[in-house]
Number of protein chains: 2
Amino acid sequence: MGTKERRQRQFAEREQLFLDTARELIRENGLLSLQMSRVAEKGEYAVGTLYQHFASKEDLLLALTTASSHEHLALFERVARWNASPRDRMFAIGVADKIFVQRNPEHFRIAQYALCEVVWRAASPERRQELIDAGDPIADIVVGIVNAAVAAGDLDLNGMSPEQLTIGTWALVNGTHNLVHAEGVLEDFDVREPYRLMCRHLQLLLNGYGWRPLADPADDQALDKLIDRIKDEVFHDLCCEK
Amino acid sequence: MGTKERRQRQFAEREQLFLDTARELIRENGLLSLQMSRVAEKGEYAVGTLYQHFASKEDLLLALTTASSHEHLALFERVARWNASPRDRMFAIGVADKIFVQRNPEHFRIAQYALCEVVWRAASPERRQELIDAGDPIADIVVGIVNAAVAAGDLDLNGMSPEQLTIGTWALVNGTHNLVHAEGVLEDFDVREPYRLMCRHLQLLLNGYGWRPLADPADDQALDKLIDRIKDEVFHDLCCEK
DNA sequence: ACTGAAAATTGAATCCGATTCAAAATCCGC
DNA sequence: GCGGATTTTGAATCGGATTCAATTTTCAGT
């Protein structure tokens with residue numbers, strides 16, 4: 001009597017297929033030319049079937065964003081499980097973020113669009129809730145590390161809540177992502193290593209919170225060693241690049 | 001023989017009318033339900049006439065963003081002309097930004113959407129260039145103040161260029177704007193005074209660059225006095241709020 | 001004031017792609 | 001193998017952006 005279960009499984013598999021197909025089409029042709037009929041065609045189903053899964057194009061876009069967020073969370077969870085000092089884990093969050101961007105190069109373009117009023121409002125409440133729910137545990141992990149850092153005496157929040165610090169750094173990180181992924185605007189604009197700049201500014205922010213400096217900024221070797229250690233201990237199976 | 005000139009003037013006036021009308025419709029009904037036919041109707045022209053001005057809906061959205069950016073620039077130019085220390089002028093930039101947001105409450109929602117790949121790519125190259133050009137002088141003013149601050153010994157860039165510092169702070173400011181203006185996502189999320197948080201983080205950043213603290217953070221009165229002075233000397237005709 | 005070519009304006013018709021839904025195909029317990 | 005339930009299909013519909021032929025207005029020349 002496993003019929004129902006099999007059907008559910010097949011349904012879930014097909015949803016994944018559609019998500020992968022859409023992502024591939026976006027990667028190939030850009031978000032602008034994404035068409036529901038093409039997603040269906042490339043997935044080798046009729047449009048009606050695609051609409052069994054996603055009530056609208058907007059729902060599909062939110063679902064894509066949510067799926068990426070789950071991958072994002074999975075990376076952060078490795079860090080949360082990593083048995084290391086808050087200082088090292090906070091740095092590992094940065095490494096995780098970088099790996100996430102590498103593995104989901106289109107995520108921020110899609111997310112930026114999906115969160116715009118026009119797309120957000122057009123999507124169904126259920127999909128919106130899913131996306132909200134996907135973000136919470138990601139923030140929770142960062143807040144947890146901040147709390148651990150405070151407990152370890154690495155950080156002095158000076159009356160501010162861990163959530164506030166997290167939101168503030170999120171604003172910086174997200175602003176940088178948007179800057180980097182802004183389509184075209186910056187074509188002729190020399191943004192030199194914006195992520196390195198972001199790291200520096202994060203460091204300055206954290207220093208402002210009494211964070212013990214991670215490493216002597218001039219000591220690149222110590223930094224590289226830490227990054228290698230994180231890649232080795234936390235993301236060993238994901239870091240193919242040398 | 002001023003016929004041509006008059007026609008050009010009338011054309012420009014009508015363009016302004018359409019922009020105002022569109023902004024009003026967005027304020028009333030949201031970006032999602034903006035329709036070209038409604039803009040034309042509310043402006044009391046036929047759609048064809050609207051299309052004389054804007055090649056597409058996307059062009060209209062970029063034009064709206066560009067127009068707001070010009071207002072943004074006008075506020076910053078007051079600061080640039082203000083005869084005060086770099087430190088005070090940098091603070092005045094913050095005040096200018098706040099006034100801008102108050103006077104253009106829908107700007108960031110529109111801009112966030114306009115810069116998404118989908119809208120950006122669909123717009124005409126001319127409109128895109130206009131928007132890019134509108135942003136440059138805004139950044140230049142901030143860079144100029146940063147340079148003045150370095151010259152005055154208020155700021156130690158430590159090898160970083162003023163442009164880089166400006167981009168980094170832009171990422172923080174813009175990330176905060178996006179956070180605050182994100183539609184709906186944060187409905188049930190307690191973002192306590194995100195702008196105050198941003199100011200604090202900006203302060204920390206600038207401190208990290210050796211910026212002499214603006215004021216004793218505990219000395220609210222000195223801060224309020226400075227803000228009052230800025231409103232009085234720079235924005236006297238705009239600050240209606242008590 | 002009148003005329004006709006040029007410029008501006010109009011809005012009905014077109015187009016495109018998202019979405020629907022009645023029909024056809026498939027599944028599954030008997 | 002049957003028949004009702006479920007799933008899939010894709011042609012038809014729909015909504016809104018965009019076009020463009022027809023109409024109206026403008027205005028220099030008379």
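**Close-up views of a predicted two-chain model**

**View 1. Helices α4 and α6 of chain A pack at an angle of about 130 degrees.** The model shown here is predicted. Helix α4(A) covers residues 57–81, and helix α6(A) covers residues 107–114. Their axes lie 9 Å apart.

**View 2. Side by side: the residues that join α4(A) to α6(A).** From α4(A) come A:Leu61, A:Leu62, A:Leu64, A:Thr65, A:Ser68 and A:Ser69. They meet A:His107, A:Ile110, A:Ala111, A:Tyr113 and A:Ala114 of α6(A). By class, this contact has 7 nonpolar and 4 polar residues. It has no charged residues.

**View 3. Chain B laid on chain A.** The superposition gives an RMSD of 0.1 Å. It takes a turn of 180 degrees and a shift of 0.0 Å along the axis. The two copies are thus related as by a two-fold rotation axis.

**View 4. The interface between the copies.** Of the interface residues of chain B, 100% are also interface residues in chain A. The copies therefore meet through the same surface.

**View 5. B:Pro137 in helix α8 of chain B.** This helix spans residues 125–151. B:Pro137 has a relative accessible area of 27%. That value lies between the 20% limit for buried and the 50% limit for exposed, so B:Pro137 is partly exposed. B:Glu77 is 60 residues away from B:Pro137 along the chain. The C-alpha atoms of the two are separated by 9.2 Å.

Methods
Residues numbered from 1 in each chain as written. Chains lettered and ligands numbered in written order. Predicted model: local features only at pLDDT ≥ 70, side-chain atom pairs only at ≥ 80, totals over all residues. Heavy atoms only, no water. Axes fitted to C-alpha atoms, helices over the stretch in contact; angles between N-to-C directions. Helix = DSSP H or I, 4+ residues; strand = E, 2+ residues; numbered from the N terminus. Contact = heavy atoms within 4.5 Å. Nonpolar A, V, L, I, M, F, W, Y, C, P; charged D, E, K, R; others polar. Least-squares fit on C-alpha atoms with pLDDT ≥ 70 in both. Buried < 20%, exposed > 50% of the residue type's maximum accessible area, 1.4 Å probe, protein only.
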